[in-house]
Structures are given as C-alpha cells and as structure tokens.
Amino acid sequence: MEDCIFCKIIKGEIPSKKVYEDEKVYAFYDISPEAPIHFLVIPKEHIESANALKEENASVVAHIFLVINKLVSELGIAEKGYRIVNNTGNDGGQTVHHMHFHVLGGRSLNWPPG
C-alpha cells in the first residue's frame, strides 16, 4: 500500500532501527518506547489488521510468534516475561492500519494496560 508508513519502513523509504528481517517479516524498535525493550514485528505483506486475516495469509501470524520467541531469547527477556500486543481497529487503539505486534519487556508491566 503506497501511503502505509510500515510499508515504507519495509522498503527502506523511512529509516528504522531494525531488530530482525526475513522474507516474511520485519522487526524494528518502536520510536516511542513504552518499556526498556519495545519493538514491533510486522508482516511484509500489507495486511490491514487481524480482521483481514484469511486462510491464505494467516500462517504469517505463526511465523511472527516464532520470530518473537527467537528475539525475546536473544534480547534476554524470555525468562522474566514480556507482553505481546496487537491492536485492532480504532477502538482497539490501532493507529497504523498494517497488522503489527508490539513486544514490550525489560520491566514489570501493569494490568490493565489502559
């Protein structure tokens, strides 16, 4: 999608601090972190939200969770814990309409989040 900020980040048109990349996903640090470790994992294919998942594109979510598993171990937060957040739709707090997963860790996280 041409005007999607995350699609532009994937293409390298907008700079980001990359954490990980493969043929299916891109992971980068959040520019306004809410925890000592806060990164996003996004599919390279533009999928607007969890509501847009279909049989033919749903496998990317399993891949994203495998990537998160790898990254939290590498970043040293797997043992103490972390939070994975996916906001869907306006009421869910989704501000960029490209499905993405926030991963937050490195401190105790309160509940409810807000």
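**Reading salt bridges in a predicted model**

User: Let's start with Lys44: what is its relative accessible area, and how do I read that number?

Analyst: Lys44 comes out at 25%, which counts as partly exposed. The scale goes like this: buried is under 20% relative accessible area, exposed is over 50%, and partly exposed is in between, with a 1.4 Å probe and protein chains only. Keep in mind that this is a predicted model, where local features need pLDDT of at least 70, side-chain atom pairs count only at pLDDT 80 or more, and totals for chains, interfaces and linings use all residues. Residues are numbered from 1 along each chain as its sequence is written, and side-chain values use heavy atoms, leaving out hydrogens and water.

User: OK, and how many salt bridges does the structure hold?

Analyst: The criterion is a side-chain nitrogen of Lys or Arg within 4 Å of a carboxyl oxygen of Asp or Glu. Here you get three. In one of them, Lys44 pairs with Glu21, with closest N and O atoms 2.9 Å apart. Glu21 sits in strand 1 (residues 18-21) and Lys44 in the loop between strand 3 (37-43) and helix 2 (59-74), so the pair ties together parts 23 residues apart in sequence. Those elements are DSSP runs numbered from the N terminus: helices are H or I, at least four residues, and strands are E, at least two. Glu21 also bridges to Lys18, at 3.0 Å.

User: Where do Glu74 and Lys70 lie?

Analyst: Both are in helix 2, four residues apart, about one turn. Glu74 is exposed at 51%, while Lys70 is partly exposed at 37%. As for shared partners, salt bridges join Lys18, Glu21 and Lys44 into one network.
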